[in-house]
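Please prepare a briefing on the model shown here.

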Protein chains: 2
Amino acid sequence: MSRVYNFSPGPAALPEPVLRQAAEEMLDWRGAGCGVMEMSHRGKEFGAIVEQAESDLRALLAIPANYRVLFLQGGATQQFAQIPMNLLAGGSADYVVTGAWSAKADREAQRIAAAIGGRVRVAASTEAGGFRGLPPPGVMDADPTASYLHLCTNETVHGVEVHDLAGLLPASPVPVVADMSSHILSRPVDVARYGMIYAGAQKNIGPSGLVVVVIRDDLLGRAWAGTPSVLDYKAMADNGSMLNTPPTYAIYVAGLVFQWLKAQGGLAAIEAINIEKARLLYDFLDASDFYDNFVEASCRSRMNIPFLLRDERLNDAFLAEAREAGLVQLKGHKSVGGMRASIYNAMPLEGVQALVAFMRDFAARHG
Amino acid sequence: MSRVYNFSPGPAALPEPVLRQAAEEMLDWRGAGCGVMEMSHRGKEFGAIVEQAESDLRALLAIPANYRVLFLQGGATQQFAQIPMNLLAGGSADYVVTGAWSAKADREAQRIAAAIGGRVRVAASTEAGGFRGLPPPGVMDADPTASYLHLCTNETVHGVEVHDLAGLLPASPVPVVADMSSHILSRPVDVARYGMIYAGAQKNIGPSGLVVVVIRDDLLGRAWAGTPSVLDYKAMADNGSMLNTPPTYAIYVAGLVFQWLKAQGGLAAIEAINIEKARLLYDFLDASDFYDNFVEASCRSRMNIPFLLRDERLNDAFLAEAREAGLVQLKGHKSVGGMRASIYNAMPLEGVQALVAFMRDFAARHG
């Protein structure tokens, strides 16, 4: 078996120790006589697994007691509809559009609001500038009476990350709802600054098919009357995410990832490594005239780093030779072009070092 | 490692060869250099996995070409809302209520219809009789102009199975929508008799977090305007179930189960074994005056077999001694009481033999 360095934006690489443990426990979880996939979600074994997972996630993110943790399905895209269904309450919501994902969230919310009643506004958008930065101070047209304000704190496609929430958003009682899919658990976060945080699991948490929602108590119970039961945050919170059968195996693997993160020293420790990984790649890009990164320096993502070869005719050769070198899934999203290296928590420093070494060598041979 | 016989109603036992293969391929799927959980859903490796899974499922169920196969999330309970959102189209729908699950489907559809417009009727219900049988011929009050008629062809909690659809439902152009969660793939089925079939995976297909929908082409495109994108069957059909990231690992394991089923000889072969397993247990129950089964003989489920100890004071001892004997998850649903043995495809004949031997011995010692 030879493992590659996998730069996929998601589903993404998982820590090897997590995969090894999952493989070892596949037929018999710690003497239960069956694997986790085969366990009743109502039994004491799985109950222990989900409790440990929630407890570890709460510890990692320092989630205050007045927030509920939900393990749901449908990914972030389903949340784009669930959020207005649960939180709009006939009012108006603000959307900050800073890349492909927040744009999708806005479009879906517009459609849902038109059907259930309520209004969705764009408080700021960087689309005209090609999604290369965040709205400058003073540009935000925020409604102080909005039901909520939605933003995406790390844009997976465009590589734009919010490093300074206070600088972006004026203080306001409006609940902030943040899609953190592609950088959750990559750094400490002040959960209390948000009304709700959500994240599809398949980048920094675990397998696809799981979405984690962290929501403040007072935002529960506002859902539109026609909200499907399993899409109602309150119904799920009241039933410990088990109104129906949850994605048990995905929750188990997420729990193993949380344990692995704790063993790394928690989010401050993983952030230090993530800073080092990102700096290594950005410093190389900035010093190169063969490659180019186009995101404003103040909001470059540590997780998703898009870059271009200045001579785009070399793209196919770059991808083919990278694959030969054991570096895969580097092709950029079609809306941006070029390349993208997604370097989530599970990507070791050695993987980024190998990428930079390959890129240097490729440039020397083709420059 | 010592594996138990696991009679859980779901998530349920999986075939050992499937689990062994999944464990072996966890870190490296057939030389890809990464596991299935880590693969981009847009890559050629996962593309091959999902294509093979669909092709095998089509072969097993002999799905006609004018039906689409969708791999979705949210379980059957989410379908209870999705079905009226997609198919009601402002009209009226009929529900046949024969147990806990079809009753839940009816309640959720009533709530959704009230919010989006349309009507949900109960065409027949066996609730007054305690859900011990199917509606007798002539009792069905079916609306020939309904948008669809919904039924559950195997009630997991009450152990009632539809063995003769033609005897239950008069011929009609109304599309029949069937929840087959707990007996799909246990027997051949004439797909063309249905407008739509759906099944949560966690009984006879694979891990929880995946739901399979088989839907006739002409039923696509009728969704209510406020249907969330990922809940819209047409949007999912148009995108090969990948409007967003699907539950990739669950689809992979389901694909391994389909391969295992083909290796067993397909659905006719597995049905023969399922008939033998069910007969063994029902014959024992019928000959016993220590145990009791209360479902009408003509509609006893082959998959979920509820039974009572006539002296209910022995229930705890039964469960404790069964566990000692390596027979687990036999406790009945709280709404029915007593015991329930769920004997899906992955339960070998030897497991049912061991259960009957234990039950005989227990009765001899306590009778």
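**Overview**

Among contacts in chain A between residues at least 6 apart in sequence, 72% join residues at least 24 apart, two residues being in contact if their C-beta atoms, placed from the backbone, lie within 7 Å. This is a predicted model, in which local features need pLDDT of at least 70, side-chain atom pairs count only at pLDDT 80 or more, and totals for chains, interfaces and linings use all residues. Residues are numbered from 1 along each chain as its sequence is written, while chains are lettered from A and ligands numbered from 1 in the order in which they are written.

**Chain A as a whole**

- Chain A contains ten helices and 14 strands; helices (H or I, at least four residues) and strands (E, at least two) are DSSP runs, numbered from the N terminus.
- The radius of gyration of chain A is 21 Å, which agrees with the value near 21 Å for a compact globule of 367 residues; it is taken over C-alpha atoms, and the globule rule is 2.2 Å times the number of residues to the power 0.38.
- Along the principal axes, the C-alpha atoms of chain A fill a box of roughly 60 × 60 × 30 Å.
- Of the 367 residues in chain A, 54% are buried (20 or more other C-beta atoms within 10 Å of a residue's own, placed from the backbone; exposed if 12 or fewer, partly exposed in between).

**Pairing of the chains**

- The same surface serves both copies, since 100% of the contact residues of chain A recur in chain B.

**Nonpolar cores**

- The largest nonpolar core has 233 residues, and those with the most contacts inside it are Val212, Val213 and Ala254 of chain A and Val212, Val213 and Ala254 of chain B; such a core is a set of buried Ala, Val, Leu, Ile, Met, Phe, Trp, Tyr and Cys residues joined through C-beta atoms within 7 Å.
- A second, separate core of eight residues includes Leu134(B), Val160(B), Val162(B) and Val295(B).

**Helix H7 of chain B**

- H7(B) (residues 248-264) has 17 residues and reaches 25 Å from its first C-alpha to its last, close to the 24 Å expected at 1.5 Å a residue (1.5 Å times one less than the number of residues).
- Twelve of the 17 residues of H7(B) are buried, so the helix is largely enclosed by the rest of the structure.
- The cover over its buried residues includes H1 (16-24), H2 (44-61), strand S2 (67-72) and H8 (266-287) of chain B.
- Gly265(B), with a positive phi near 110°, follows H7(B).
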